[in-house]
Amino acid sequence: MSSVKWGYVLVLILFLLAPQIFAANISFLVIETGIREGSPVNESSNLWETTLLDVFFDAGHIVSNAPIMSLPNPQGKELPDEARENLEDALRGGADFFIVALLDYQGAAAINSPKLKPQEVSLRLFSTNPYKIVYEQSYSALMQSPGNDELANAKRIVRMIIPHLGDR
């Protein structure tokens with residue numbers, strides 16, 4: 001066999017053995033809970049929304065988001081009823097995954113300041129086809145990195161979701 005044929009065979013073998021690389025279509029929703037009704041969107045909520053978009057976009061995925069939603073009380077459901085419409089919009093838009101970030105400001109909301117930090121952050125990754133929860137993790141406000149840098153913490157936490165995109 002000539003060297004050109006061996007080159008084609010080698011490329012074919014590498015192509016077949018290489019892991020499949022794909023760009024997922026991911027939709028995000030940030031939900032604030034425990035915030036007083038009528039309060040402006042919190043700076044931390046904007047930070048988490050931006051971090052979700054940036055981290056997944058930088059990883060090569062197609063990203064979209066719904067407006068930040070505020071709910072008076074956290075719910076025990078995997079997806080609050082008020083978020084169902086956003087999920088359906090994501091499905092109509094062709095999303096492969098839907099990520100909900102629940103930022104719980106309970107206890108800190110009495111201060112009513114846009115500079116509050118969430119007491120707990122819960123991230124939930126949903127596969128849309130088939131619809132199921134793929135990954136869920138909660139982080140306490142006590143989980144801080146050296147220097148107490150909220151942006152660095154958010155990026156580190158959001159990056160932990162990326163490997164779970166293959167868990168459909």
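Visitor: What share of the contacts with a separation of 6 or more comes from residues 24 or more positions apart?
Guide: Residues 24 or more positions apart account for 67% of those contacts in the protein. Contact means heavy atoms within 4.5 Å.

Visitor: What kind of model is this, and how are residues numbered?
Guide: This is a predicted model, where local features need pLDDT of at least 70, side-chain atom pairs count only at pLDDT 80 or more, and totals for chains, interfaces and linings use all residues. Residues are numbered from 1 along each chain as its sequence is written, and side-chain values use heavy atoms, with hydrogens and water left out.

Visitor: What is the mean pLDDT?
Guide: The mean is 81, and 79% of the residues reach 70 or more. pLDDT is the predictor's confidence in each residue, from 0 to 100.

Visitor: Which element has the lowest mean?
Guide: Helix H1 (residues 3-17), with a mean pLDDT of 67, while strand E2 (residues 62-65) has the highest, 93. Where pLDDT is low, the predicted coordinates should not be read in detail.

Visitor: How many helices and strands are there?
Guide: There are 4 helices and 6 strands, in the order α-β-α-β-β-α-β-β-β-α from the N terminus. Helices (H or I, at least four residues) and strands (E, at least two) are DSSP runs, numbered from the N terminus.

Visitor: On to H2. Which of its residues are buried?
Guide: Ser44, Ser45, Trp48, Glu49, Thr51, Leu52, Val55 and Phe56 are buried in H2. They cover an arc of only 160 degrees around the axis, which puts them on the same side of H2. The arc is that of the directions from the helix axis to the C-beta atoms. Buried means under 20% relative accessible area, exposed over 50%, partly exposed in between (1.4 Å probe, protein chains only).

Visitor: What do those buried residues pack against?
Guide: They pack against strand E1 (25-33), E2, strand E4 (97-104), strand E5 (120-128) and helix H4 (150-159). The face of H2 turned away from the buried side carries the exposed residues Phe57 and Asp58.

Visitor: And Asn46, buried or partly exposed?
Guide: Asn46, also in H2, counts as partly exposed because its relative accessibility is 35%. Leaving aside neighbours within four places in sequence, Asn46 is in contact with Val41 and Ile68.

Visitor: What sits at the two ends of H2?
Guide: At the start, a side-chain oxygen of Asn42 reaches to within 3.0 Å of the backbone nitrogen of Ser44. After H2 comes Gly60, whose phi is positive, near 95 degrees.

Visitor: Switching to E4. How many of its residues are buried?
Guide: In E4, 8 of its 8 residues are buried. Phe97, Ile99, Ala101 and Leu103 point one way, and Phe98, Val100, Leu102 and Asp104 the other. In a regular strand the side chains alternate between the two faces of the sheet.

Visitor: Which strands pair with E4?
Guide: E1 pairs with E4 in the parallel sense over 8 bridges, and 8 bridges join E4 to E5, which run antiparallel. Two strands pair if DSSP finds at least two bridges between them. Phe28 has Ile99 in E4 as its bridge partner, and Val100 stands opposite Arg124 in E5.

Visitor: Last one: what does Thr128 touch?
Guide: Thr128 is in E5. Beyond its neighbours within four places in sequence, Thr128 is in contact with Leu91, Ala95, Asp96, Phe97 and Phe98. A polar atom of the Thr128 side chain lies 2.6 Å from the backbone oxygen of Ala95. Thr128 counts as buried because its relative accessibility is 13%.

Key
Polar contact = N/O pair within 3.5 Å; in protein donor to acceptor, adjacent residues only side chain to side chain.
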